[in-house]
Amino acid sequence: MNKRKWIWLFATLMILGLAACGKKGDEATTAPAKDTLSVPRPTPIDPSTVGEVGGEISFGGVRPKSQRINMDQDPACEQKRRGPVIAEDGVVNDNGTLSNVFVYVKAGAEKYTFAPPAEPVVLDQDGCMYKPHVLGLMAGQVLKIVSSDDTTHNIHPMPQNNREWNMSQAPGAAPIEQEFVRPEIMIPVKCNQHPWMRAWIGVTSNPFFAVSGSDGTFTIKRLPPGDYTIEAWTANFGTQEHKVTVGAKETKTVDFRFKAS
Ligand SMILES: [Cu+2]
């Protein structure tokens, strides 16, 4: 057989082979996974090895004076108020700890890829205050803003690394759903109607974050074994970081102590 015939034979076999593949593909019962190229696959993490980091945020030094909020300018806010309302930034708990501290894995989790949770994080406007005052969510996760108030709010996040926007929300209006696509610690949020309203949003690239509660404690769960840098962010007293090594199934304690700057 001469060279030309070999080429024809080869081409014919290729066409038959491709046809057979196509037929096989048509009969396949499962479709290929969607967007496998654009959406990175989450790194599998063995749940039997994960540990956690918890601790307490304490405050030493002179307590800042609390700032009372005056809601006189909007009767709808004022009517809903039960007793004095205090600005949350800089508040020291009765037990000498700090709530509303955003604690997160700043470094050590880069080797993993995480998909943002499908459930949104909800930010409520209630009594003309944001609830919660400090929240975290992952880049690409939906932030769902709702209002429990009988007045119009205008929510206005002021990011450095994400798109800035503001949107009005009248009483009874549909929830506003937005996402921040890039990690950012922290995004301040204000209301263009009520100058005292303030929230802080931490946007992370991993699911390892927590906000200290009214007892000043926090817990970051489901950490794979490894070396991490944990940062604690406060609105008024700066940030601090600690390094920690978490072994398989280990629970580590990392405490932070802030003072007035
Ligand atoms: Cu408002």
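**Exercise 1. A charge over a ring**

Task: Which charged end sits over the ring of Trp200?

Solution: The charged end of Arg198 does, 5.3 Å from the ring centre. The rule asks for NZ of Lys or CZ of Arg within 6 Å of the ring centre and within 35 degrees of the ring normal.

Before going on, note that this is a predicted model: local features need pLDDT of at least 70, side-chain atom pairs count only at pLDDT 80 or more, and totals for chains, interfaces and linings use all residues. Residues are numbered from 1 along each chain as its sequence is written, and side-chain values use heavy atoms, with hydrogens and water left out.

**Exercise 2. The copper site**

Task: Find which residues coordinate the copper ion, then explain why the arrangement is irregular.

Solution:
- Step 1. List the donors. They are His153 (ND1), Cys191 (SG), His194 (ND1) and Met197 (SD), at 2.0 to 2.7 Å. Donors are N, O and S atoms within 2.8 Å of the metal (3.2 Å for Na, K and Ca); water is not among the atoms, so sites may look incomplete.
- Step 2. Read the spacing. Along the sequence the donor residues follow H-x37-C-x2-H-x2-M.
- Step 3. Check the angles. The four donor atoms subtend 95 to 137° around the copper ion, so the arrangement is irregular. Four donors count as tetrahedral if all angles lie between 85 and 135 degrees; four count as square planar and six as octahedral if opposite donors are over 155 degrees apart and all others between 65 and 115; anything else is irregular.
- Step 4. Check burial. His194 and Met197 are both buried. Cys191 has 3% relative accessibility, so Cys191 counts as buried. Buried means under 20% relative accessible area, exposed over 50%, partly exposed in between (1.4 Å probe, protein chains only).

**Exercise 3. The disulfide**

Task: Which cysteine does a disulfide join to Cys77? Where in the chain do the partners lie?

Solution:
- Step 1. Cys77 is joined to Cys128, S to S 1.9 Å. The count comes to one disulfide, by a rule that takes a pair of cysteine sulfur atoms within 2.5 Å.
- Step 2. Cys77 lies in helix H2 (residues 75-80), and Cys128 in the loop between strand S3 (121-125) and strand S4 (130-131), so the pair ties together parts 51 residues apart in sequence. Helices (H or I, at least four residues) and strands (E, at least two) are DSSP runs, numbered from the N terminus.
- Step 3. The torsion about the S-S bond of Cys77 and Cys128 is about -75°, so the disulfide is left-handed.
- Step 4. Cys77 is buried at 0% relative accessibility. Cys128 is buried at 1%.

**Exercise 4. Aromatic pairs**

Task: How many aromatic pairs does a search of the whole structure find? Describe the pair of Phe59 and Phe237.

Solution:
- Step 1. The search finds seven. Rings of Phe, Tyr and Trp (its six-membered ring) pair if their centres lie within 6.5 Å; planes under 30 degrees apart count as stacked, over 60 as edge-to-face and the rest as tilted.
- Step 2. Phe59 and Phe237 have ring centres 4.7 Å apart and planes at 45°, so the pair is tilted.
- Step 3. Phe59 is in strand S1 (residues 51-60) and Phe237 in the loop between strand S14 (226-233) and strand S15 (239-246), 178 residues apart.
- Step 4. Phe59 and Phe237 are buried.
- Step 5. Ring pairs also link Phe102, Tyr104 and Phe209 into a cluster.
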